[in-house]
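Good morning, and thank you for joining.

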Amino acid sequence: MVTTFRKTVRDIVFTNRQLARLYYFVSFSRPVLPQWVGADYYREKSSWELQPERCPCDLEFIEYLQKMNIQDQTIFHFGTGSHHILGLENQKLEKPNEIIGITASAPEHQEYIRLSLKDRLLAKYYKVICTDIFTLTDRSLPMLDVVSLFHLGEFYMPEDAPFVHHNEESLIALFLSKLNPGGKILFYTKSIGWGNAEPIIKSFEAQGKIHKIEEYKNLLVYSPGF
Ligand SMILES: C[S@@+](CC[C@H](N)C(=O)[O-])C[C@H]1O[C@@H](n2cnc3c(N)ncnc32)[C@H](O)[C@@H]1O
């Protein structure tokens, strides 16, 4: 009985994803969430252009780095978009930060390659890896000064557990373990995944693992510990 129910749910999800893929195929538009189309299709087809009205987090992050005069630090950035605005703006600083960006999207990564072939200086300070953030481990990350986890709560899919090392809780714990003294971890309250992310962040806060040090527009800035 339970097995039949699970199979029915799986069949419905599968059919809906087939329909969603068909929709994106015929409309020439890009999927926004892997939950709609499945992780494989999302990774192959998604691409996010800069949309300041809809998602200002990267622009606010750039402003925050400028306001706090954060230069010559090591930054990890979750979700580059196809615009790579963070890397492009970072290059203009007197002492650029060393930024590691991550994207799950092949078209966004191809755009990074195109930009860095056009301008070799981009890759000097901005490296973009194309993989699922939940596959990262202690061994794939350096020590970091600033981490943006703006898209926490948006993309984790329990069905992908066999292919990754983390869920959202253990991902935060991983990044906290990679923070240098004085390091900061930033979240984004206008994310479409904020409803999922907020209780996780609150639970880390309640356990004394992080504390909020400041807010900048829609960004919350935390440091490890009490
Ligand atoms: C909505 S876009 C936002 C991009 C950019 N931060 C902005 O606001 O313009 C989400 C970003 O997260 C990336 N992303 C989604 N799921 C991911 C995952 N599992 N691992 C790594 N990156 C992921 C996408 O490739 C994309 O760059």
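I begin with histidine 211, which stands opposite serine 223 in strand 7. Strands here are DSSP E runs of at least two residues, helices are H or I runs of at least four, and both are numbered from the N terminus. This is a predicted model, in which local features need pLDDT of at least 70, side-chain atom pairs count only at pLDDT 80 or more, and totals for chains, interfaces and linings use all residues. Residues are numbered from 1 along each chain as its sequence is written, and side-chain values use heavy atoms, leaving out hydrogens and water.

Strand 6 and strand 7 run antiparallel, joined by six bridges; two strands count as paired if DSSP finds at least two bridges between them. Their hairpin has two residues between the strands, and lysine 217 there takes a positive phi near 50°.

Strand 5 is also antiparallel to strand 7, with four bridges, and isoleucine 185 stands opposite tyrosine 222 in strand 7. Because five of its six residues are buried, strand 7 is largely enclosed by the rest of the structure. Buried means under 20% relative accessible area, exposed over 50%, and partly exposed in between, with a 1.4 Å probe and protein chains only.
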